[in-house]
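Take a walk through this protein, from the overall layout down to single side-chain pairs. Have the sequence at hand as you read.

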Amino acid sequence: MSIQKKNISLIDSNHLVNYILMVGGAMSHLKIQKVLFYIQAYHLAYFDKPIIEDEFQAWVHGPVSRKIYDSAKDISILHTELQFTLEDDEQSPIDIINNSLTVSQVELVNDVIDELKGLSGLQLENMTHSEEPWLHARRGYESGERCAVVIPNELITDYYKKQIYG
């Protein structure tokens, strides 16, 4: 992937979730949160900027965007499959993504979705539970204890850059 760092754009996380569901297929709320987190994490590592404004909190089941949780909590529980359905008057998530992001950003999003779509939500949860950003934010909390500590973007950036570049 050729990295283009100028003109990097933010996109609304709800649009990105719709795109993930459209491209990656139906997935649980647990899984969508982790895919969204990894898109943000690798975007921060490659471009030094976020792709969404959302902060991720270190919840019991891994990183969670409160905004996405709040928008889906009435239609989903943790392991319920969510899927995208295009309404008649709605713009396609593919068009929204392609019109909002650079080619390099779209490539990164697609690469992360392709890499993770074959994994379960539980597998992704276990991955995040073994990685420093979530572990750092959870310090001092028991494994099943509620936690709303925000995982700092700087920590996410540093950790995933090391994963990529060594």
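Start with exposure. A residue is buried under 20% relative accessible area, exposed over 50%, and partly exposed in between, using a 1.4 Å probe and protein chains only. By that scale R139 is exposed, with a relative accessible area of 52%.

A word on the model. It is predicted, so local features need pLDDT of at least 70 and side-chain atom pairs count only at pLDDT 80 or more, while totals for chains, interfaces and linings use all residues. Residues are numbered from 1 along each chain as its sequence is written, and side-chain values use heavy atoms, with hydrogens and water left out.

Now the layout. The protein chain has eight helices and five strands. These are DSSP runs numbered from the N terminus: helices are H or I with at least four residues, strands are E with at least two. In sequence order the pattern reads α-β-α-β-β-α-β-α-α-α-α-β-α. Of the 166 residues in the protein chain, 45% are buried. Contact means heavy atoms within 4.5 Å. Among contacts in the protein chain with a separation of 6 or more, 75% are between residues 24 or more positions apart. The protein chain exposes about 8600 Å², and carbon and sulfur atoms supply 48% of that area. Accessible areas come from the Shrake-Rupley method with a 1.4 Å probe; for residues, only the protein chains shown count as cover.

Go back to R139. This residue sits in the loop between α7 (132–137) and β5 (150–151). The side chain of R139 makes a polar contact of 3.0 Å with the side chain of E132. A polar contact is a pair of N or O atoms within 3.5 Å; within protein, one must be able to donate a hydrogen and the other to accept it, and residues adjacent in sequence count only if both atoms are side-chain atoms. R139 and A58 are 81 residues apart along the chain, yet their C-alpha atoms are separated by 9.9 Å.

Next, helix α8. The helix covers residues 153–165, 13 residues in total. From first C-alpha to last, α8 reaches 18 Å, close to the 18 Å expected at 1.5 Å a residue. The expected span is 1.5 Å times one less than the number of residues. Which residues of α8 are buried? They are I156, T157, Y159 and Y160. An α-helix has 3.6 residues a turn, so residues three or four places apart point the same way. The cover over the buried residues of α8 includes α2 (29–47), α7 and β5. After α8 comes G166, with a positive phi near 85°.

Finally, the charged pairs. The structure holds five salt bridges. A salt bridge is a side-chain nitrogen of Lys or Arg within 4 Å of a carboxyl oxygen of Asp or Glu. One of them joins K67 and D12, with the closest N and O atoms 2.7 Å apart. K67 lies in helix α3 (residues 66–72) and D12 in the segment before α1 (13–24), so this pair ties together parts 55 residues apart in sequence. K67 is partly exposed at 36% relative accessible area, and D12 is partly exposed at 32%.

Another salt bridge links K161 and D48, at 2.6 Å from N to O. This pair also connects distant parts of the chain: K161 is in helix α8, D48 in the loop between α2 and β2 (56–59), 113 residues apart. K161 is partly exposed at 24%, as is D48 at 42%.
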